[in-house]
Amino acid sequence: MQVTITRTIQIPDEIESINELEGRIHIFGLRLMREILCEVWQLCQRLRWACEVCGSDRITGEGYRDYGVMTVFGRVKLKRHRVKCHECTSLSQPADSMLKEVRGGHASIRFAELASLSGASWPYEQAATVLEKMVGDKVSHEQVRRLTNRHGQDAVEAQLREAD
């Protein structure tokens, strides 16, 4: 799959410092990455346009449901298309198999790893503040706590499997 995306960034002529320029480009880059993820998600769904239950391609679109995912470039709202199968009459969402690795319900693996590393390094509130600066979006200390604890639990289970 090849996707071409062209965007223009508006930078005022009065930029005073490299830090101001860096901040503006960082925000633009985060927004652009969120936008690209949503556009490519739509393409991926079209490639999987079939019934998830029986595999039939005799389906009809039945709208969509939003699904929020926190990523290392902020929160994205994915439109999960729903389809009705004419063969088995089930309702499904064709690209849901791509969401099976989403951690903590609504966090990408990369964000979950970043959050757990931050949560293990600082108090949860401080870790959330640092993450907000990095990803350009609101992060709660509770989300950091849950992802950190889940990562720790996964590590314990992996060590127990290795010991057996």
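Visitor: Is Gln93 buried or exposed?
Guide: In this predicted model, Gln93 has a relative accessible area of 10%, and because buried means under 20%, Gln93 counts as buried.

Visitor: Okay, and where does Gln93 lie?
Guide: Gln93 belongs to the loop that runs between β3 and α2, the latter covering residues 109-121.

Visitor: Which residues does Gln93 touch, leaving out those up to four places away in sequence?
Guide: With those set aside, Gln93 is in contact with Glu52, Arg65, Arg80, His81 and Arg82.

Visitor: Switching to the strands, what order do they take in the sheet?
Guide: The sheet is open and is built from 3 strands in the order β1-β2-β3, with antiparallel pairing. Its edge strands are β1 and β3, the latter being residues 91-92, and each of these pairs on one side only.

Visitor: How many bridges join β1 to β2?
Guide: There are 11 bridges between strand β1, which spans residues 59-71, and strand β2, which spans residues 74-85, and the two run antiparallel.

Visitor: And how many residues sit between β1 and β2 in the hairpin?
Guide: The hairpin that β1 and β2 form has 2 residues between the strands.

Visitor: Which residues of β2 stand opposite Thr71 and Thr60?
Guide: Thr71 faces Gly74 of β2, whereas the residue of β2 opposite Thr60 is Lys84.

Note on methods: Residues are numbered from 1 along each chain as its sequence is written. This is a predicted model: local features need pLDDT of at least 70, side-chain atom pairs count only at pLDDT 80 or more; totals for chains, interfaces and linings use all residues. Side-chain values use heavy atoms; hydrogens and water are left out. Two strands pair if DSSP finds at least two bridges between them. Helices (H or I, at least four residues) and strands (E, at least two) are DSSP runs, numbered from the N terminus. Buried means under 20% relative accessible area, exposed over 50%, partly exposed in between (1.4 Å probe, protein chains only). Contact means heavy atoms within 4.5 Å.
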